[in-house]
Amino acid sequence: MFNRTEETTAPVTAGEKYDVTIEDIAREGDGIARVSGFVIFVPGTKVGDEVTISVTKVMRKFAFGQVAE
């Protein structure tokens, strides 16, 4: 039996909005924000940006988001 509980431990939910500060830049150039230590990649941002993001996809160890309109 496959245990799926580990996939639901992310502190963010796809479709939700979060106020974050971009803390770092990934190798691919995306900004990195954290919510409760959980990494969210946000394209088109730079270190120090304080933005509201909308989470687009949640993976087991990280998520993707975009700057909310």
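Mentor: Start with strands: a strand is a DSSP run of E with at least two residues, a helix is a run of H or I with at least four, and both are numbered from the N terminus. Two strands pair if DSSP finds at least two bridges between them. This is a predicted model, where local features need pLDDT of at least 70, side-chain atom pairs count only at pLDDT 80 or more, and totals for chains, interfaces and linings use all residues. Residues are numbered from 1 along each chain as its sequence is written, and side-chain values use heavy atoms, with hydrogens and water left out.

Trainee: How many helices and strands pass that test in the protein chain?

Mentor: Zero helices and six strands. From the N terminus the elements read β-β-β-β-β-β.

Trainee: What makes β2 and β3 a pair?

Mentor: Two bridges join them, in the antiparallel sense. The definition asks for at least two. They also form a hairpin, with five residues between them. In that turn, G29 has a positive phi of about 100°. Across the pair, I25 stands opposite G31 in β3.

Trainee: Why is G31 called buried?

Mentor: Buried means under 20% relative accessible area, with exposed over 50% and partly exposed in between, for a 1.4 Å probe and protein chains only. G31 has 0%, so buried is the label. This residue is in β3. As for the strand, four of the five residues of β3 are buried, so β3 is largely enclosed by the rest of the structure.

Trainee: What does G31 touch?

Mentor: Contact means heavy atoms within 4.5 Å. Neighbours within four places in sequence aside, the contacts of G31 include I22, I25, I40, V42 and T45.

Trainee: Where is T45, and why is T45 called buried?

Mentor: T45 is in the loop between β4 (38-42) and β5 (50-58). Its relative accessibility is 8%, so T45 counts as buried. Beyond its neighbours within four places, T45 is in contact with I22, I25, G29, G31 and V67.

Trainee: Why is the F41 and F62 pair called edge-to-face?

Mentor: Rings of Phe, Tyr and Trp (its six-membered ring) pair if their centres lie within 6.5 Å; planes under 30 degrees apart count as stacked, over 60 as edge-to-face and the rest as tilted. The structure holds three aromatic pairs. For F41 and F62 the centres are 5.6 Å apart and the planes meet at 75°, so this pair is edge-to-face. F41 lies in β4 and F62 in β6, 21 residues apart.

Trainee: And why is the pair of F41 and F64 called tilted?

Mentor: Their centres are 5.9 Å apart and their planes at 35°, so tilted is the class. Together, F41, F62 and F64 form one aromatic cluster.

Trainee: Which residues touch the most other members of the largest nonpolar core?

Mentor: A nonpolar core is a set of buried Ala, Val, Leu, Ile, Met, Phe, Trp, Tyr and Cys residues joined through side-chain atoms within 4.5 Å. The largest has 14 residues, and V12, Y18, V20, V35, I40, I53 and A63 touch the most other members. β1, β3 (31-35), β4 and β5 each give two or more residues to this core.
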